Amino acid sequence: MGLDLTPEGALGGEGTYSRGDMEITPDTLVREVVLNVPGGVAAMEKHRIDYCCGGSKTLRQVAGELGLRVEWVLETIAKEREGGGSTDAELLDVPLGQVVSQLVDVHHVTNRDAAAAILPMATRAASAHPDRPELAKLVELGEKLFGALLPHLLHEERNLFPYVRALEAAADKPGAPAPVALFQSIRHVLDDMEHEHEHCDLLVQALRDATASYAMDEHTPADVRALYEALEAHEKDLVRHMHLEGNVVFPRAERLEVKVRSQAPKSSRRQA
Ligand SMILES: [Fe+2]
Ligand SMILES: [Fe+2]
């Protein structure tokens with residue numbers, strides 16, 4: 001589901017990204033490609049580049065990690081760009097609170113619904129098909145994934161996102177004190193969140209590997225087919241979810257904190 005994007009209330013002064021016809025070089029960040037270049041996500045997916053957790057790396061770095069020639073990656077980006085398509089560039093301008101609401105109201109709900117549906121499906125399928133040992137592995141990995149993901153969602157909803165909303169409210173009131181935080185800087189919280197995203201991302205990859213990328217044939221039982229389809233749909237949603245946080249909300253919130261603290265009265269500023 002896409003965001004209801006309205007131009008009013010657009011934030012300024014958080015910092016800028018390159019837009020539109022930006023030049024792509026080996027030193028361009030993965031995040032800049034997927035946010036600004038039509039077909040950028042497709043290009044990253046073709047090379048299995050992790051754009052949801054690796055957005056702050058350069059194309060040169062990710063290509064090196066995967067043993068790819070960066071020129072090959074640049075060629076793919078150019079080809080996909082010629083084909084056109086939408087980007088997420090508008091998400092850099094809509095109010096941050098709107099993006100956060102969409103994350104909570106759509107993606108967090110989807111994650112919780114998936115946890116409630118998928119784990120029982122996997123357990124039943126593993127019990128019904130003992131000749132398919134990968135199903136027991138899916139139960140184990142699924143418990144680990146949702147066991148990590150559900151507390152992560154709560155942490156964002158109770159601690160991080162209220163602070164982000166407070167930052168945005170304070171940004172409109174120059175001279176107002178910066179919001180009170182239980183941490184020195186939002187970066188400390190974001191480090192934890194990014195680490196948890198990477199952990200979830202590894203588990204998602206392990207689920208995919210355990211099923212040969214959810215391979216099915218005419219002998220695949222209906223309950224296993226339904227389980228694979230549910231897992232794959234959840235993976236797609238989670239990648240989008242982590243992309244919106246890691247590449248849009250977290251960088252914007254970090255820049256917003258700098259702005260708000262710099263415009264707050266000196267007596268209310270925290271010491272770095
Ligand atoms: Fe989230
Ligand atoms: Fe998250």
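## The nonpolar core

In this predicted model, the largest nonpolar core has 64 residues, of which Val30, Met44, Val99, Leu145, Val164, Val249 and Ala253 touch the most other members; such a core is a set of buried Ala, Val, Leu, Ile, Met, Phe, Trp, Tyr and Cys residues joined through C-beta atoms within 7 Å. A residue is taken as buried if 20 or more other C-beta atoms lie within 10 Å of its own, as exposed if 12 or fewer do, and as partly exposed in between, with C-beta atoms placed from the backbone.

Two or more residues of this core are given by each of α1 (30-36), α2 (40-46), α3 (59-66), α4 (70-82), α5 (96-128), α6, α7 and α8, and the largest share, 13 residues, comes from α8. These elements are DSSP runs numbered from the N terminus, where helices are H or I runs of at least four residues and strands are E runs of at least two. The core draws at least three residues from each of domain 1 (30-90) and domain 2 (95-268).

## Basis and confidence

Residues are numbered from 1 along each chain as its sequence is written, while chains are lettered from A and ligands numbered from 1 in the order in which they are written. Because this is a predicted model, local features need pLDDT of at least 70 and side-chain atom pairs count only at pLDDT 80 or more, whereas totals for chains, interfaces and linings use all residues.

The mean pLDDT of the protein chain, a confidence given by the predictor for each residue from 0 to 100, is 89, and 90% of the residues reach 70 or more. Over residues 1-17, however, the pLDDT is below 50, and this stretch has 26 contacts in the model beyond near neighbours in sequence; two residues are in contact if their C-beta atoms, placed from the backbone, lie within 7 Å.

## Domains

The domain assignment gives domain 1 (30-90) and domain 2 (95-268), with bounds that come from an automatic or database assignment. Their C-alpha centres lie 21 Å apart, and nine residues of domain 1 are in contact with nine residues of domain 2.

Helix α7 has 25 residues and reaches 36 Å from its first C-alpha to its last, close to the 36 Å expected at 1.5 Å a residue, the expected span being 1.5 Å times one less than the number of residues. Its buried residues are Ile186, Val189, Leu190, Met193, His197, Cys200, Asp201, Leu203, Val204 and Leu207, and what covers them includes α6 (133-171) and α8. Leucine 145, leaving aside its neighbours within four places in sequence, is in contact with Cys200, Leu203, Val204 and Leu207.

The loop between α7 (186-210) and α8 (222-263) holds alanine 212, and serine 213 lies in the loop between α7 and α8 as well. Phi is positive in each of these residues, neither of them glycine, being near 50 degrees for alanine 212 and near 60 degrees for serine 213. Alanine 212 counts as exposed because it has 9 C-beta neighbours inside 10 Å, and serine 213 is exposed, with 10 other C-beta atoms within 10 Å.

The 42 residues of α8 should span 62 Å at 1.5 Å a residue, and its end C-alpha atoms are 59 Å apart, which agrees.

Alanine 117 is found in helix α5 and is partly exposed, with 14 other C-beta atoms within 10 Å. The C-alpha atoms of alanine 117 and alanine 230 are separated by 8.6 Å, although these residues are 113 residues apart along the chain.
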